[in-house]
Amino acid sequence: MDKLVSANSRTFLIVTLGGLAAFGPLVTDMYLPGLPAMTDFFSTSVSLVQSGITASMLGLAAGQLLIGPVSDRVGRRRPLLWSMWLFMVSTVLCIFARSIESFIFFRFVQGVAGSGGIVLSRSISADLFTGKDLARFFAVIAGVQGLAPVAAPVLGGAVLSFTDWKGVFWALLFIGALLTVLCYFYRETLPVEKRSKGNLMQTFRLFGPVLRNSKFMLCVSLLSFSMAILFAYIAASPFIFQEYYGLSPLVYSLYFAANTLAVMAGTICSGRFSTPAKAVKAGVYLMVPLAAATSAILMAGLGFGYICLPLFALLFATGLTFPSSATIAIESERKNAGTAAAVLGAMNFIFGGIVTPLVGLGNMLVSTGIVLTGCAVLAFLLTLVLFRGKASHGKDPR
């Protein structure tokens with residue numbers, strides 16, 4: 001293991017895996033400032049434009065369920081390179097889409113391609129680290145990953161100041177090309193003797209024991225509801241802050257970036273706790289009152305100044321749960337790390353794909369508030385079950 005780490009170097013791993021893990025925010029966040037303008041470009045509705053986010057999230061989910069098990073069978077390097085090339089091709093197709101329907105389809109393909117970086121960044125980390133070292137490395141990657149949603153909307157807003165939404169996708173293509181070059185320097189971290197045996201169909205059967213591991217599934221569900229809060233905010237914020245509060249695309253991008261610093265700070269702080277379980281508890285116990293406060297402000301239609309602090313604190317609390325709950329989940333299924341990482345990532349984006357259209361139903365201020373509070377409460381209930389020791393397959397995570 002030490003040889004594998006040194007062969008890739010820790011700095012290289014942090015930069016490359018952090019960049020790969022950032023594909024989710026890059027694919028979903030970078031063109032957010034352009035969403036209102038895209039309704040005019042395609043002469044379509046807000047809900048159809050938001051469906052581009054949903055399609056990419058579903059692609060990010062489906063791709064992980066495919067690439068994760070395949071990487072357990074053939075190693076990490078080949079699927080990683082395949083997914084990077086597909087990402088670049090699909091991004092070009094998004095740029096030249098003729099209709100909103102074709103754009104949504106190509107966004108799904110782009111999501112499938114981008115999922116490779118997400119699932120393999122977790123799998124590679126699990127190949128190299130265990131225990132608290134894995135939790136710390138996840139926290140570091142999450143911190144690097146946090147730079148993407150900070151930079152993405154700001155870059156997107158800057159690009160939109162002198163071009164249209166297609167310019168944002170050209171920037172995505174450039175970022176994908178840089179990461180593809182880095183991936184060619186990656187050394188395989190899953191030795192042949194540790195790979196899944198048998199054919200690919202037998203490899204996919206590993207989903208069975210992974211899905212039956214109740215401790216793992218509780219952690220995944222808990223993380224998914226926390227992520228759903230973030231995705232609900234991502235989907236609703238362009239319309240709430242630009243159309244209701246009147247922010248310009250660039251000012252919205254800067255505000256979005258400031259809020260993303262809260263998520264980044266939470267992920268970094270999670271590594272400071274003595275155990276991942278304590279970080280999860282702290283994050284979830286804060287999420288419920290903060291989500292309720294944010295929702296009340298939205299539903300009451302109060303001014304912009306009222307929502308800034310509670311929303312910032314809510315996003316910080318969600319950040320505390322991300323690397324810590326992922327660590328507990330992956331540790332409980334280390335022998336099937338690729339498949340486990342696939343389920344973990346897929347569930348996150350499936351939940352994101354579900355909540356994205358929900359926040360657009362009816363009055364967006366009300367629907368967003370309901371989604372935020374509901375997800376926080378459900379995450380809290382799952383935490384109570386998980387840390388009462390009712391989960392099977394492994395010791396009590398306390």
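Residues are numbered from 1 along each chain as its sequence is written, and side-chain values use heavy atoms, with hydrogens and water left out. As the model is predicted, local features need pLDDT of at least 70 and side-chain atom pairs count only at pLDDT 80 or more, whereas totals for chains, interfaces and linings use all residues.

We can begin with the fold as a whole. The protein holds 17 helices and 0 strands, where helices (H or I, at least four residues) and strands (E, at least two) are DSSP runs numbered from the N terminus. Its radius of gyration is 20 Å, close to the 21 Å that the globule rule gives for 398 residues, so the protein is as compact as a globular protein of that length; the radius is taken over C-alpha atoms, and the rule is 2.2 Å times the number of residues to the power 0.38. Along the principal axes, the C-alpha atoms fill a box of roughly 55 × 45 × 35 Å. Buried residues account for 60% of the 398 residues, with buried meaning under 20% relative accessible area, exposed over 50%, and partly exposed in between (1.4 Å probe, protein chains only). The accessible surface comes to about 15000 Å², and 70% of it belongs to carbon and sulfur atoms; such areas come from the Shrake-Rupley method with a 1.4 Å probe, and for residues only the protein chains shown count as cover. Of the contacts (heavy atoms within 4.5 Å) between residues at least 6 apart in sequence, 85% join residues at least 24 apart.

The salt bridges come next. A salt bridge is a side-chain nitrogen of Lys or Arg within 4 Å of a carboxyl oxygen of Asp or Glu, and by this rule the count is 2. In one, D72 pairs with R76, the closest N and O atoms lying 3.0 Å apart. In the other, R76 meets D127 at 2.9 Å, N to O. This pair links distant parts of the chain, as R76 is in the loop between α5 and α6 (77-95) and D127 is in helix α7 (residues 100-128), 51 residues apart.

T383 belongs to helix α17 (residues 364-386) and counts as buried at 0% relative accessibility. A polar atom of the T383 side chain lies 2.8 Å from the backbone oxygen of A379. Beyond neighbours within four places in sequence, T383 is in contact with L222, K281, V284 and Y285.

P310, in helix α15 (residues 304-331), is buried with a relative accessible area of 14%. Leaving out residues up to four places away in sequence, P310 touches L290, A293, T294 and I297.

Finally, the surface carries a nonpolar patch of about 490 Å², made by L58, F108, I350, I354, L358 and L361. Patches are made of residues with over 30% relative accessible area and no salt bridge, like charges being joined within 9 Å and nonpolar side chains (Val, Leu, Ile, Met, Phe, Trp, Tyr) within 5 Å. Helix α16 (residues 337-358) gives the most to this patch, with 3 residues. L58 lies in helix α5 (residues 46-74) and is partly exposed, with a relative accessible area of 38%.

Terms used:
A polar contact is a pair of N or O atoms within 3.5 Å; within protein, one must be able to donate a hydrogen and the other to accept it, and residues adjacent in sequence count only if both atoms are side-chain atoms.
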